[in-house]
Amino acid sequence: MKAFTAVSPVATPELCAGIKQMLSKLAEFQTAARLKDPLKAKSKQRFVTGLRQCLIGTRAGLAKLVLLAPDTETSEELDSRLAELMKVAREREVPLLYSLSRRQLGKACQTNTRQSCVAVYDAQGPGAMEVYKRCVQLSETHAAPAGDTRALKSLLEEDGEKESSEKAA
């Protein structure tokens with residue numbers, strides 16, 4: 001992993017729980033809207049996943065919060081895109097936060113694939129807005145200091161322990 005943690009704060013376990021809850025609610029709202037009216041749902045997405053879509057949404061000014069996985073793969077191309085996303089997010093003053101692992105982000109978004117990045121466009125709805133506000137507030141007040149990789153390591157170890165216990169069961 002590159003040293004991107006020096007740029008963005010790392011989420012606390014309390015914040016990670018809130019992020020999981022928020023993304024699950026938004027995924028439920030997005031699925032319900034898609035079933036009701038697919039065309040309208042496509043034009044009014046609650047969030048997007050993937051580095052490319054997050055970059056497009058952040059450039060367009062749609063993203064209100066960008067969540068990154070601390071365990072993203074490393075390559076020159078991915079590192080340059082991540083750096084570009086961080087630059088655009090800073091320019092647009094979009095909160096950028098390292099939070100859940102790739103597996104946890106995908107699971108919270110109710111997809112069957114791991115996700116490196118999630119951009120939240122709209123957190124309106126019962127239960128989601130309160131969690132979104134709490135996440136933004138906690139990211140400002142309780143985020144680990146830049147360069148503090150202990151919180152990042154504990155987050156990844158916790159994820160690994162849960163994954164191994166799920167496989168054992």
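Visitor: What should I know about the model before reading it?

Guide: The model is predicted, and local features need pLDDT of at least 70, side-chain atom pairs count only at pLDDT 80 or more, while totals for chains, interfaces and linings use all residues. Residues are numbered from 1 along each chain as its sequence is written, and side-chain values use heavy atoms, with hydrogens and water left out.

Visitor: In what order do the strands of the open sheet lie?

Guide: Helices (H or I, at least four residues) and strands (E, at least two) are DSSP runs numbered from the N terminus, and two strands pair if DSSP finds at least two bridges between them. Here an open sheet of 4 strands has the order 1-4-2-3, with mixed pairing. Its edge strands, each pairing on one side only, are strand 1 (47-49) and strand 3 (96-98), and the twist averages 20° from one strand to the next.

Visitor: Which partners does strand 2 have, and in which sense does each pairing run?

Guide: Strand 2 (residues 65-68) pairs with strand 3 in the parallel sense over 3 bridges; in that pairing Leu67 stands opposite Leu97, and Leu68 opposite Tyr98. With strand 4, strand 2 runs antiparallel, joined by 4 bridges, and Val66 stands opposite Ala119 there.

Visitor: Where does helix 4 sit relative to the sheet?

Guide: Axes are lines fitted to C-alpha atoms, for helices over the stretch in contact, and angles run from 0 to 180 degrees between N-to-C directions; contact means heavy atoms within 4.5 Å. Helix 4 (residues 76-92) packs on the sheet and touches strand 2, strand 3 and strand 4 (117-120), with its direction at about 155° to that of strand 2. Strand 2, helix 4 and strand 3 make a right-handed β-α-β unit, where right-handed means that, with the strands pointing away from the viewer, the path from the first strand over the helix to the second runs clockwise.

Visitor: Which residues of strand 2 cover its two faces?

Guide: In a regular strand the side chains alternate between the two faces of the sheet. In strand 2, Leu65 and Leu67 on one side and Val66 and Leu68 on the other are all buried, buried being under 20% relative accessible area, with exposed over 50% and partly exposed in between (1.4 Å probe, protein chains only).

Visitor: How many residues make up the largest nonpolar core?

Guide: A nonpolar core is a set of buried Ala, Val, Leu, Ile, Met, Phe, Trp, Tyr and Cys residues joined through side-chain atoms within 4.5 Å. The largest has 27 residues, and Ile19, Leu23 and Leu67 have the most contacts inside it. Its largest share, 8 residues, comes from helix 1. A second, separate core of 18 residues includes Leu55, Ala63, Leu68 and Leu96.

Visitor: How many disulfides does a search of the whole structure find?

Guide: A disulfide is a covalent bond between the sulfur atoms of two cysteines, and the criterion here is a pair of cysteine sulfur atoms within 2.5 Å. The search finds 0 disulfides; for Cys54, the nearest cysteine sulfur, that of Cys117, is 3.2 Å away. Cys54 counts as buried, at 0% relative accessibility.
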